[in-house]
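My entries follow in the order in which I looked things up.

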Number of protein chains: 2
Amino acid sequence: MKKTLLSLALLANLSYAAPEGTTVTAGPLTALDKLSSFNSVKSAPIPKRNIAIENWQTQNGAKVLFVAAQELPMVDVRLLFDAGSARDGDKFGLASLVSRMLDEGTPTRNTDQIAASFENIGATFSSAAYRDMFIVDLRVLSDPQYLEPALDVYSDIIANPIFPDAAFKRIFDGAQVGQQQKLQSPSAQASILFYQHLYGSHPYAHPSNGTPDSLKKITTNDLKQFHQQYFVANNATIAIVGALSREQAQQVAEKISRGLNAGQAAAKLNTVTPLAKAVHKHLSFPSQQTHIMMGQASIQRGNPDYEALYVGNEILGGGGFNSLLMNELREKRGLTYGVYSSIVPMHVQGPFIVSLSTRSDQTQQALDLLRTNLRQFIRDGVSDSQLQEAKDNILGSFPLSTSSNSSILAYLGSIGFYNLPLDYLDSFNERINRVTSSQIKAAFRKHIHPDKMLTVTVGQGITVANP
Amino acid sequence: MKKTLLSLALLANLSYAAPEGTTVTAGPLTALDKLSSFNSVKSAPIPKRNIAIENWQTQNGAKVLFVAAQELPMVDVRLLFDAGSARDGDKFGLASLVSRMLDEGTPTRNTDQIAASFENIGATFSSAAYRDMFIVDLRVLSDPQYLEPALDVYSDIIANPIFPDAAFKRIFDGAQVGQQQKLQSPSAQASILFYQHLYGSHPYAHPSNGTPDSLKKITTNDLKQFHQQYFVANNATIAIVGALSREQAQQVAEKISRGLNAGQAAAKLNTVTPLAKAVHKHLSFPSQQTHIMMGQASIQRGNPDYEALYVGNEILGGGGFNSLLMNELREKRGLTYGVYSSIVPMHVQGPFIVSLSTRSDQTQQALDLLRTNLRQFIRDGVSDSQLQEAKDNILGSFPLSTSSNSSILAYLGSIGFYNLPLDYLDSFNERINRVTSSQIKAAFRKHIHPDKMLTVTVGQGITVANP
């Protein structure tokens, strides 16, 4: 099944204001899918959309960001709580289970009624927990005959989930089946090990979906307590994009938040202690391909070096088939179908990640090449023509990545959630254009440290000193 | 990410007129997800929707089925070609590559323009190839200012794809990454082996997505020839559900089909030669869980015994947590999180499949129990109370499974594609209610043969005579 998710894919690629989970959890398939033809974008310019963000608070303190978009008779809503898996405590997978259980029933609606209510009016609902964000999405027609009943159900789900035991049994079993499948996937195992050893005792360390054992410790009572603590107005951001006036959007936001207690914002997360030296963790896995992840904790949202790192990373390994790493490992040596690097700023230091799969007997060669190229890149920096090409690619694809309401919604949610400036989208071109090659070199030297990186390999064909 | 796809999940569960791929490719997670609470459905009855199907042909011979649904200002279109992977010839994966490449460009639109065109008007597009069906879906608002431009792009994609080489390189690489991932999944390997040994030299035998080697033999020229031969009006079914009059729907159908040559319907597929005796194929796989698939070729669409087999299978292993197999293997003995059976009628004899995962050291116990219970079920048949409960479950969930336009669209497409009677949905309740326990016993004895079944195991903990 193939869907036209180009804008969202590009959004994830930008990894700018996208939910951090989008990029972090992107596997090789996603990565390949998002390699749209940047050149053809340039040949068919898409008009820049003026994105005026309005901002206010609901009566009980929820933050609201709104973009009026009258082109389509639709409304997209994203409610974000600072309640990702970083808030799991010692019950790894708790936020994830809350997201799966959210629409399983309220005091006045069972799960089938909820599903039928949305479907009968053509609305779509989804919820998900990433490391930082807990997201609850709604898309519905803007005509009040659809919008009003959809908001009734949506606000009921958010404020009054009852987490019934029977549904919990079913969802729990489904989660355990998912855990079994992850045990059999080298790339999933690599990702789990990578976060575990990169983040140690920090709440980013455990998998958002928990582990087979951690899930067993969770009860419906835990879900209720989690909901009570974190699903509160002072911990919420509401993003709205659609065919509404400002006044209508205010009513929508009040309706969404009215069932929430004011409560308190979640406490700030501790900063991450970087690795003091290079570490290599290896998991022997009987697969033909070895999955490699290499990286470190890098920067948090709002770091002023982000634009330089972002443009530099586009050249290094973020820019698809034209990137330096892709050229060295794929085009010149055929070691992999694809190699990608990304920088994911989060509440605190999110990861810088380079990842690829390679035939197991080529693992050491791939690792050596990765390290050599990374050091050279940081030593030599980028040329003027590389810089210009990267800017062209980024700026050429940006209009497309903000061409749909749902992609604007994703940006909007992240801008509110991470307290980014409201002109974040409008100033995007200017900020990218300002980046110089010396800024890139300085930013990489400051933030990226090849001698203190974590390397994770899952597969065969390698001997590791400290496995 | 969780979506309210309850209706579609139930649709797949019914496996009635759903695309055969939906059920066939359903993994354990999907299966668990679809176990909605049937009891709560009964306590909250959803009004039966009157589904009047209109039927005609376009000027160049495409078959059209239409249901007017004025509740929502939307139109759902599904175009089906008899061009699934059964038409791959010796280029396994050809139909699948066509489906991935379809929206990569036309003479007048590149892939980014296509994506932006749909997104700017809030339309969603997708395409997929199953064993029998090639499906191209469109959902768009019914207002002509959205509908007309969406149909322009949709009909252009269908009639004039150019399959550009640059995109092919990218899609091909993505497909190969997917192949690598399948190599590492015991359940994917089990499914591949199951079809391979069940169908032998029949075109259902190979994986719809092809194999790592078969994909390498495919060129863009093959894609063009496949498109030219099979994307023709006489090989097409157009299903339309939405806020249109009959006249408007006729215009929509003409617009969709106008770029297609009349052409010829695909030739009938050969019937399947059943296995002459029981066969067990085992793939040793270093996983903690062993994946088991057991089954045989069963019936084709339109077989008069289908209702009896369907209701019987609901009791045996189709009905979720209350099924006989679930009770014996899961509830009583804790051997698995879930065991499911399904019967998937297709153009020719589709499979009867029982599948589960179990801890490797319990594999033999699970196999013995499966076989014993299957024999007992066929020998003893079902009790009156089992029969009534199964009918209640099926009929209780049916209204919900036809409560959304997209689920009606899926039924409609299958009714047209498989030449089922136009009253198929309206007569559903009656046909299910008519089934007797003696019909179930007779149908299972006639069609299901435990002594001639294929068993596939992928994992460890088992010794097999003929691996």
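Entry 1, a term first. I describe two packed helices by the angle between their axes and the distance between those axes. An axis here is a line fitted to C-alpha atoms over the stretch in contact, and the angle is taken between N-to-C directions, from 0 to 180 degrees. The model I am reading is predicted.

I looked up α5 (residues 94–101) and α11 (residues 220–230) of chain A, which pack at an angle of about 90° with their axes 10 Å apart. Angles of 65 to 115 degrees count as roughly perpendicular, so α5(A) is roughly perpendicular to α11(A). On the α5(A) side I listed L94(A), A95(A), L97(A), V98(A) and M101(A) as making the contact, and on the α11(A) side D222(A), L223(A) and F226(A).

I noted 19 helices and 14 strands in chain A. Of its 467 residues, 64% are buried. I also noted that, among contacts with a separation of 6 or more, 84% join residues 24 or more positions apart. The chain exposes about 16,900 Å², and carbon and sulfur atoms supply 48% of that area.

I traced five strands of chain A in the order β10-β14-β11-β13-β12; they form an open sheet with mixed pairing. Which strands stand at the edges? They are β10 (279–284) and β12 (339–343) of chain A; each has a single partner strand, so one side of each is left without a neighbour in the sheet. Neighbouring strands are turned by 15° against each other on average, direction ignored.

Inside this sheet I followed β11 (residues 289–297) and β13 (residues 351–359) of chain A, which run antiparallel and are joined by nine bridges. In this pair, T290(A) stands opposite T358(A) of β13(A).

Helix α9 (residues 186–199) of chain A lies across β10, β11, β13 and β14 (454–459), running at about 25° to β11(A).

I checked α17 (residues 405–417) of chain A: its 13 residues reach 18 Å from first C-alpha to last, close to the 18 Å expected at 1.5 Å a residue. Is α17(A) buried or exposed? I counted 12 of its 13 residues as buried, so the helix is largely enclosed by the rest of the structure. Among the buried ones are I408(A), L409(A), Y411(A) and F417(A). After α17(A) comes N419(A), whose phi is positive, near 55°.

Notes:
Residues numbered from 1 in each chain as written. Chains lettered and ligands numbered in written order. Predicted model: local features only at pLDDT ≥ 70, side-chain atom pairs only at ≥ 80, totals over all residues. Heavy atoms only, no water. Helix = DSSP H or I, 4+ residues; strand = E, 2+ residues; numbered from the N terminus. Buried < 20%, exposed > 50% of the residue type's maximum accessible area, 1.4 Å probe, protein only. Contact = heavy atoms within 4.5 Å. Areas by Shrake-Rupley, 256 points an atom, 1.4 Å probe, with all protein chains shown as cover. Pairing = 2+ DSSP bridges. Expected span 1.5 Å × (residues − 1). Parallel < 35°, antiparallel > 145°, perpendicular 65-115°, else oblique.
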